[in-house]
Amino acid sequence: MSPKVTPRRDGSVKPSRYRAVQPGALVWLTLVWMALWGDVTPMLVVSGLLLAVVVCLVFPLPPVELNLTVHPWRALLLTGRFLIDIAVASVQVAGVVLRRRPVRNAVVAVDLETTSDFVLTGVASMLSLVPGSVVVEARRSTHTLYLHVLDVDDEAAADRFRARALAQEQRFLAAFTPRPDPATEAGTA
Amino acid sequence: MSWDWTTAADVLAAACLLLGSFFALVAAIGVVRLPDLLSRMHAATKPQVIGMLLVVVGLALSLRDPASLGILGLVVLMQMGTSVVAGHMVGRASFRAGQVRHDLLVVDELSDVLSDEEPRGAP
C-alpha cells in the first residue's frame with residue numbers, strides 16, 4: 001500500500017497528514033495522560049486532548065481497519081484462559097530452570113488457519129507471552145509462525161505444542177472473528 | 001477483631017510481592033544456568049511476565065490508592081506489549097545469526113526453510 005501524498009503548488013509532493021488525527025488514538029492518549037497524572041480534572045482532560053492532537057500530528061500513523069466482530073464474553077474467557085496459561089507455564093519454566101536434567105528444545109512451525117494479519121499478530125503475541133515459547137520467525141505470506149519451544153523431549157511433544165498453539169488460535173478466533181473482506185474475496189476468486 | 005480488610009490486603013500484597021520476586025530470582029538463575037541464547041531468553045523474559053504481574057498486583061493491594069491504579073495498569077500493558085516485540089526481534093536475529101545450539105534441538109522446522117530462500121531485506 002503506497003502512502004497517500006498531496007501535491008504542492010510547485011508540483012512536489014509531501015506525505016499526507018490526512019486522517020492523522022484519529023478519534024480512537026485521541027481517547028487512548030488522553031486516558032494515558034490522565035493515568036500518568038493519576039487524576040481526572042477538566043484541566044487534565046483539556047491538556048491531554050491538546051497533547052494527543054499534537055502527538056498524532058507529529059507522529060502520524062496509518063489508520064488500521066480491523067474489520068472484526070468482537071464477542072466480549074468470549075474475549076473475557078480468552079483473557080482468563082490466557083492468565084491461567086501464563087501461571088501454569090511460568091511454574092513449568094521455573095521447574096526447567098531449577099532441575100538438574102539438561103534441557104532439550106525444538107523449533108516448531110505452526111500453520112495458522114486464517115489469513116487475517118490481525119489474528120496472526122494476536123496469536124503470535126499471546127504465544128510469545130506464555131512462557132516456554134518465543135516466536136523466532138513469522139511468515140505473513142503463508143501465515144506460518146516458527147516458534148522456539150523450551151523443554152521438548154521428542155517429536156510427540158512438539159506435536160502437542162502445535163496442537164496447543166492451534167487451540168489458542170481457535171480461542172482467539174472465537175473472541176475476534178474477522179469479517180470476510182470483499183476486496184480479498186474478489187482477489188482470490 | 002484485629003483481622004480486618006486492611007490486614008488481609010496487606011498479607012495478600014506481601015504474598016504477591018514475595019512470589020513475584022521469587023519468579024524474578026528464578027529468571028536470573030535461568031540466565032546463568034541454561035545453555036544457549038534462545039533458552040536463556042525464555043528464562044529472562046517469561047517468568048519475568050508473571051513476576052511483574054504479581055509485583056504489580058501486590059503493589060495495588062498495598063497502596064490501595066485509585067490514582068496509582070492507572071499507572072500500574074499502564075506498566076502491565078507496556079511491559080506485555082514491548083516484551084513480545086523485543087523477544088521476537090532478539091530471537092529472530094539470533095537464529096539468523098546462527099547463535100543456535102542445533103545439538104539441543106529435537107525438531108527444527110525453520111533451518112531448512114531459511115537455507116532455501118534467497119537473502120532479502122524485508123520479512
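What follows is a dialogue about helix packing, the chain interface and salt bridges in a predicted model.

Tutor: Residues are numbered from 1 along each chain as its sequence is written, and chains are lettered from A in the order in which they are written. Because the model is predicted, local features need pLDDT of at least 70 and side-chain atom pairs count only at pLDDT 80 or more, while totals for chains, interfaces and linings use all residues, and side-chain values use heavy atoms, with hydrogens and water left out.

Student: Why is α3(A) called roughly antiparallel to α5(A)?

Tutor: Helix α3 (residues 72–98) and helix α5 (residues 155–175) of chain A pack at about 150°, with axes 8 Å apart. Angles over 145 degrees count as roughly antiparallel, the angle being taken from 0 to 180 degrees between N-to-C directions of axes fitted to C-alpha atoms over the stretch in contact, and therefore α3(A) is roughly antiparallel to α5(A).

Student: Which residues of α3(A) and α5(A) meet, and how are they divided by class?

Tutor: With contact meaning heavy atoms within 4.5 Å, Arg74(A), Ala75(A), Leu78(A), Arg81(A) and Asp85(A) in α3(A) meet Gln168(A), Arg171(A), Phe172(A), Ala174(A) and Ala175(A) in α5(A). By class, five of the residues in this contact are nonpolar, one is polar and four are charged.

Student: What makes Arg171(A) and Asp85(A) a salt bridge?

Tutor: A salt bridge requires a side-chain nitrogen of Lys or Arg within 4 Å of a carboxyl oxygen of Asp or Glu, and the closest N and O atoms of Arg171(A) and Asp85(A) are 3.6 Å apart, so the pair qualifies. Since Arg171(A) lies in helix α5 and Asp85(A) in helix α3 of chain A, the pair ties together parts that are 86 residues apart in sequence.

Student: How many salt bridges are there between chain A and chain B, and how many over all chains?

Tutor: Between chain A and chain B the count is two, and over all chains the search finds eight. Glu137(A) and Arg92(B) meet through their side chains in a salt bridge at 3.2 Å, N to O.

Student: What area do chain A and chain B bury between them, and which residues of chain A supply more of it than any other three?

Tutor: Taking buried area as the accessible area (1.4 Å probe) that two parts lose on being put together, summed over both, the chains bury about 3,700 Å², 68% of it on carbon and sulfur atoms. Val97(A), Val107(A) and Leu129(A) supply 17% of the area that chain A buries against chain B, more than any other three residues. The contact takes 46 residues from chain A and 45 residues from chain B.

Key:
Helix = DSSP H or I, 4+ residues; strand = E, 2+ residues; numbered from the N terminus. Parallel < 35°, antiparallel > 145°, perpendicular 65-115°, else oblique. Nonpolar A, V, L, I, M, F, W, Y, C, P; charged D, E, K, R; others polar.
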